[in-house]
Amino acid sequence: MSVTVKSLPREEYLLPGNASCPGCPSALGLRLLGKALGKNVILVVPASCTSIIQGPYPKTAVKFPLINVIFASSAATASGIAAALEILGKSDIHVVCWSGDGGTVDIGLQALSGAAERGDNILYICYDNEAYMNTGIQRSGSTPYGAWTTTTVLGKRRHKKNLPMIMMAHNIPYVATASIGYPLDFIRKIKKAVKYKGLKYIHLLAPCPVGWRFPPSKTVEVGRLAVLTGMWPLYEIEKGKFRLTGISRTLLDKSKRRPIIEYIKVQGRFSHLTEEDIRVLEEYVDSLWEDIKKMLS
Amino acid sequence: MRQKVVLTGNYAVAYAVKLCRPQVIAAYPITPQTSIVEKIAEFVERGELKARYIRVESEHSAMAAVIGASAVGARVFTATSSQGLLYMHEAVWSAAGARLPIVMAVVTRAIFPPWSIWTDHSDLLAQRDTGWLIAMAENNQEVFDMIIQAYRIAEDERVLLPIMVGLDAFSLSHTAAPVNLLSQEDVDEFLPPRKAFSFLLDVENPISMGNVAFPDYYMEFRYLVQKAMERAKRVIQEIEEEFYKISGRKYGGLVEKYKCSDADVILILMGAWSGDAKESIDILREEGFRVGMLRIRFMRPFPEEEIREVCIGKKAVIVVDRDVSFGKAGVLFTEVTSSLQQTNVTIRGYIAGLGGRDVTPRDFNAMIRRVYNDLEAGDKKSKVEWYGVKEEVM
């Protein structure tokens, strides 16, 4: 499926003047979601930065019908919406969860796992900014090793939870990773995902200038470095078949990957890392790619 | 076809729900609610009820799923009990705040620890402040009738609030009793399909539901729930009159009055044991005690006017709670007391029957006689007692 910038609709579904921070990856992601799917979307948003980005009552910056829901409930609410749409004969509408990493890998995981196991017809997108950003940068299950947060002031001592692989284990039709640094890859994956019935899961890496401590002009650049250094491989798993996508296809060979220090040094949250910490992260990246090799063979 | 059949309370719920044609059901099993959701699952699987049944992984998700379905315009149902109700408590608030006409059956059951599967009203009453209408049935027939009326009340444009219908664990849920059913035609006429209204999730008319409201606006949303709750009092009466036309049955709206008019002492309580209390009242009346009963059918909206109308001028009011708000009194006692403020009615509270302990007509006799004895001895003090606590096992 080829997607080019020129082929994208001009219509915007996240209006300018919204309440996002400068350089916000979630706001950018929501724009891209609109470009990918058009107007036939019902959006489910749990407590997260997107609760704020849409703007306060009585206004809204989102042109999709949107329901804000309690933190742990986005997938279950979406299950109910999808079931209702089906029985009301409105099956052409996409039900999309737009949840942060806290709402996905931590508090929302039970509901997500249930919806995936049931095969409810939902597109679930986790925009992963790797901490509880809306409450002010607290560690989540998705925060990477070594990262500073306000609840891991000396750096987190555990690796990030690998949620795409957990979702793969649910035997759902489509799982993919994406990075805000590669918008066309993300759009292509959204379009592909919605061709399947059942729960589709896309995990979007969403570098947050505020929480990761980099200038707001560098969101896309950091999103690209995550991929180019191999920290965040781009792939999709279609009906159980794993394949790398985009630039990640060329990165199986470790020598083609940029040193992870290039990704680390642009982010203040990693500024305290020791050489030992960096080695731990390098080993983590190597093991990610070893797992990928196994899945490819 | 109108049939009279023998049904457990749980099956009375299931048959009533089926007649109401909900389109989405989401539920998670918990004792003693299970046979409700099993029966409905069977109706759906057999094609007798055209609905989607979501077998969710928790009660929190059950409520979330019916919120989602209701927000796009579907008629929905769920049921739970005890821990399940507490686990979904956050979502219970969410449903009312979103003004979604969800109907839920609550089989009232005691709360852990220690484990108890028997009846107790603490689970239902812990939802008191959520913005839901809260009803409580006395018998299986009323369970059936309340569920059907619940959809009309909740979906009424003057109300648009969710409603829970309570029935006691085992004494109703698993006890079979004769129930007069209604025909599908009768119910279809009484309860037309849910009307669309402007606050639904619709791609042709997109709105954001529940986004941040600054202090400039938040309070008005809450005020509107209060106003809807106040309007519901009248709506409940009206709908019961309409229901009477198709069923020949009515109970009295927010309360049922039993032998109140000539009574000097009024017993106030709710739920299945009201039947035992009526028996006790009949016996005591034969002995010359002029006692009557005000049965609470709706805990929310609370029947304050009805309580004042019946109780002011009486010698005493006895409130029997199957629940307790630790550090204060029974929830019902507190509510009745606040309704009777600035009156000089003696109000006596009993906390009894927690965790399903049997309370028989003999026990009600004892409770009522004790109040009469106290009055005779000149003790008009309002107070609360725990009835039947066994000192020897503590």
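Reader: Which residue is the bridge partner of Tyr174(A) in β7(A)?

Author: Strands of a sheet pair through backbone hydrogen bonds, either parallel or antiparallel. Here, the partner of Tyr174(A) is Glu238(A). Their strands, β5 (residues 174-179) and β7 (residues 235-238) of chain A, pair in the antiparallel sense over three bridges. Two strands count as paired if DSSP finds at least two bridges between them. Helices (H or I, at least four residues) and strands (E, at least two) are DSSP runs, numbered from the N terminus.

Reader: Before we go on, what kind of model is this, and how are residues and chains labelled?

Author: This is a predicted model, in which local features need pLDDT of at least 70 and side-chain atom pairs count only at pLDDT 80 or more, while totals for chains, interfaces and linings use all residues. Residues are numbered from 1 along each chain as its sequence is written, and chains are lettered from A and ligands numbered from 1 in the order in which they are written.

Reader: Thanks! What joins β7(A) to β8(A)?

Author: Four bridges do, and the two strands run antiparallel. One pair to find is Glu236(A) with Arg243(A) in β8(A). The hairpin of these strands has two residues between them, and Lys239(A) takes a positive phi near 45 degrees there.

Reader: In what order do the nine strands of this open sheet come?

Author: The order is β8(A)-β7(A)-β5(A)-β6(A)-β4(A)-β3(A)-β1(A)-β2(A)-β9(B), with mixed pairing. At the edges are β8 (241-244) of chain A and β9 (208-209) of chain B, each pairing on one side only. Within the sheet, β1 (residues 41-46) and β3 (residues 94-100) of chain A are parallel, with four bridges, and Leu43(A) faces Val96(A) in β3(A). Helix α3 (residues 74-87) of chain A packs on the sheet and touches β1, β2 (66-69), β3 and β4 (122-128) of chain A. The direction of this helix makes about 175 degrees with that of β3(A). Such angles run from 0 to 180 degrees between N-to-C directions, and axes are lines fitted to C-alpha atoms, for helices over the stretch in contact.

Reader: How many bridges join β2(A) to β9(B)?

Author: Two, and these strands run parallel. Ile67(A) has Met209(B) as its bridge partner in β9(B).

Reader: How many residues does each chain give to the contact between chains B and A?

Author: Chain B gives 38 residues and chain A gives 38 residues, where contact means that C-beta atoms, placed from the backbone, lie within 7 Å. On the chain B side, β2 (24-27), β3 (52-55), α3, α5 and β9 each give two or more residues. The most come from α3(B), with nine. That side has 23 nonpolar, 10 polar and five charged residues. Ala, Val, Leu, Ile, Met, Phe, Trp, Tyr, Cys and Pro count as nonpolar, Asp, Glu, Lys and Arg as charged, and the others, Gly among them, as polar.

Reader: And how do I read the packing of two helices?

Author: Two packed helices are described by the angle between their axes and the distance between the axes. The axes of α3 (residues 59-71) and α5 (residues 89-97) of chain B come within 8 Å and cross at roughly 15 degrees. The two helices are therefore roughly parallel to each other, a label for angles under 35 degrees. Residues of α3(B) that meet α5(B) include Met63(B) and Ile67(B). By class, this contact has six nonpolar, two polar and one charged residues.

Reader: What is the strand order of the six-stranded open sheet in chain B?

Author: It is β10-β12-β11-β14-β15-β16, again with mixed pairing. The edge strands β10 (255-258) and β16 (383-386) of chain B each have a single partner strand, so one side of each is left without a neighbour in the sheet. Neighbouring strands are turned by 20 degrees against each other on average, direction ignored. Five bridges join β11 (residues 265-269) of chain B to β12 (residues 291-296) of chain B, which run parallel; Ile268(B) stands opposite Leu294(B) in β12(B).

Reader: Into which domains is chain B divided?

Author: Chain B has domain 1 (4-247) and domain 2 (255-393), with bounds from an automatic or database domain assignment. Their C-alpha centres lie 28 Å apart. In the contact, 27 residues of domain 1 meet 18 residues of domain 2.

Note on methods:
Two residues are in contact if their C-beta atoms, placed from the backbone, lie within 7 Å. Angles under 35 degrees count as roughly parallel, over 145 as roughly antiparallel, 65 to 115 as roughly perpendicular and the rest as oblique.
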